[in-house]
Amino acid sequence: MAAQYSQQYAFRAQKSLGLVSGSPEHAAVPGFESPDVAARTYVYSADGRLYAYALPTVVRIFQAEGAQLLQELALPNIIELDFSPRGTYLSTWERHAKLEDGAQHKNLRVFSVSTGEELISFTQKAQEGWQIQYTISESHAIRLVSSEVQVFRPAEWSKGIVDKLKVEGATSVALSPGLNPSVAVFVAEKKGAPASIKVYGLLTLAGAPTCQKTFFKADRAQIKWNTLGTQVLLLTQTEVDNSNKSYYGETGLYLLSAAGNFDCRVTLDKEGPIHDFAWSPNSKEFGVVYGFDVSTDKPNPLQPTDMPAKTMLFDQRVRSLHDFGPGPHNFISFNPQGRLILIAGFGNLAGKMTLYDRRTLTKVTSIDAPNTSLCEWSPDGRFIMTATLSPRLRVDNGIKVWHCSGPLVHVQLTDELYQASWKPANVDSVPVFPPQMPPAPAPSPAVALYEASQQKKSAAAGTIGGGEKKVGAYRPPGARGLATPAIFKREDEGGLPVSYGGGGSSNPGSGANTPTRYRGGTPVPGAPGYGANGREQGQGQRRHVPGAPPPQNNNNNNNSAHQNGAAGGEGAKKKRKAKKDGGSATPNAPGAAEGEEGDAAPAPQSKKAGKKNANANANAAGGSASGSATPVAGASSSSPFPIVEDAAGDAGGAPPTPLTPGMQDGLGMDSIAKKVRNLNKKLKAIDELKEKQKRGERLEATQLRKIEGEVEIRKELAGLQVV
């Protein structure tokens, strides 16, 4: 274990390239000079000893700690670099081109780091999967060429291919770590033939595969070996989802053992794609993030998605160990010691990171890191690097370093940042992760400057703590600045109580504060007042007027209406004749009993006729000036409209309940309320014209006349206001 460990990291931007020391200084590594021209790429060796970058005309290799230049290779147009595990060899790749003499372009070359000598070269047209894969001891190296796996001995590059494996249709290959390396070969589904994965021992390629599995719905795959190289996870994916549940195709996850004693499909209890999966460093468990997410994947863009993605922890036999629950996640990562688990949602999600302690499976902290393009643990497992990179996002580019307990310890803002990474280190060479959560170091001065700038931006934008803007419920322009009417409030907010069917029963969960209105003369099927028997359901119910006491349920009238409605005949003729002559049609008038019979469905009347009959009926009832509404005989059982009836009318001469100001029988605004509203609109328009006049804007003659009429409007409004 090293007494001193440097949490060094590197970055590459459009106009800069640098090495930065770790906590607490976070200063540039002394002795390293940034090149004058833009670098195309950089890379660390797996053990962290070496660092190399590529310029348009040269490749330079440095000692990572002291930034001492070791080799300078005159290689133009290099865009990819890669070290062997022990840093003995450096591979370079440039774009394939046709040579003038017709010879093959050897665009993949391998150099000795110590001497700078070119050892071997290959033709590699595709940039994807261009790297040569080495065993951890660098005893063997493999590469996939068409459908053939070629094996080399790096110590004897000059001998060329020493072994090979022909697998028809092979599209990807992965060499396992560990002392007994194996090779996993994936064959994609093609022309109705199933896809497959086969595992071979590196030293026994000529023999049968030690483990294999076939399956459908796999156009491409991602292969991940555990640290020991004993088991492999395979994520399969199709280009198109035939079930039309996902934009990004169907996914599947399979687990295979290199020894061939175990293989299965990882069964997940939630539909949707697999967003991410990762092995624990102990090689005995793995985590999976799967299921439809609220932002990244929608089975139907016109319908809401399922619950957010789910995160599960499995053991090496695919037994579930822990459910982290649903959340907006699409990323999972273990720290190098396997002590902490990071679950986050990046890309289209908000960038919230949640850390869990693996021993107790409890939450440690949450970190908000929006617009994150890169997330990576430091080798000592104490820090997390998040970066916003171009061209994924071209604004707010930079690097942030967080402590595992939550605080932000360093910020580096860099325009057009393309690449960032920690300097690798072996787990044995870094301090042991303590049993208790380590304390966070003091933040660098850059953090205070960053937070101050964010507060200024927040104050300027009217946001809270750099977050989202303050927003409220939308209100139309005509309702802004006014109090919310009680009818549109919930009961717990001071709104009116809700009554149904005239019986006073309330159902606060239904949201039916607004009265039902039938504008077309016929109830809508499914609405109150319309049931299985046509219009019979809800007939005779009294409509509750907002602001008035709930009406009492008069079951006697309803029962008599239904009983008498079946008689029909002569009574209906007498009633129609009485209406025509302007006579009484109330239940108290002579002959009303006969008139009620058989009139369950009277002929529809025009609006004028309805008002005339209503006035005549009210006068015939005794010329009462109370304003109470008396139901027309037979109308309670025939009209599809709820009837407004004064609850006090049945009490025998009790004082009537006044109607709500500005309402006419609960059916709409009266003429006075409408006029008040129109006058208020005119005053509002006059106030706007005055503001324009104060700003020096030129008004037209008609606009000036409007301003002059303000006094008259206010006088008229004062006389119409209802107290």
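K224 sits over the face of F277, 4.4 Å from the ring centre; a charge counts as over a ring if NZ of Lys or CZ of Arg is within 6 Å of the ring centre and within 35 degrees of the ring normal. This is a predicted model, where local features need pLDDT of at least 70, side-chain atom pairs count only at pLDDT 80 or more, and totals for chains, interfaces and linings use all residues. Residues are numbered from 1 along each chain as its sequence is written, and side-chain values use heavy atoms, with hydrogens and water left out.

**Rings and charges**

- R317 lies over the face of F262, at 4.6 Å from the ring centre.
- The whole structure holds 20 aromatic pairs (rings of Phe, Tyr and Trp, its six-membered ring, with centres within 6.5 Å; planes under 30 degrees apart are stacked, over 60 edge-to-face, the rest tilted).
- Take Y42 and Y51: their ring centres are 5.6 Å apart and their planes sit at 40 degrees, so this pair is tilted.
- Both Y42 and Y51 are buried (under 20% relative accessible area, 1.4 Å probe, protein chains only).
- Y42 and Y51 also belong to one aromatic cluster with F32, Y44, Y53 and F62.

**The second largest cavity**

- Lining the second largest cavity are Q7, Y9, G22, S23, H26, F383, V401 and W422; lining residues have an atom within 4 Å of a cavity point, on a 1 Å grid over the protein atoms alone where a 1.4 Å probe fits but cannot get out.
- That lining splits into four nonpolar, four polar and no charged residues.

Conventions
On a 1 Å grid over the protein atoms alone, a cavity is a set of points where a 1.4 Å probe fits but cannot get out, and a pocket is an open set with protein on both sides within 12 Å along at least five of seven lines; lining residues have an atom within 4 Å of a point. Ala, Val, Leu, Ile, Met, Phe, Trp, Tyr, Cys and Pro count as nonpolar, Asp, Glu, Lys and Arg as charged, and the others, Gly among them, as polar. Buried means under 20% relative accessible area, exposed over 50%, partly exposed in between (1.4 Å probe, protein chains only).
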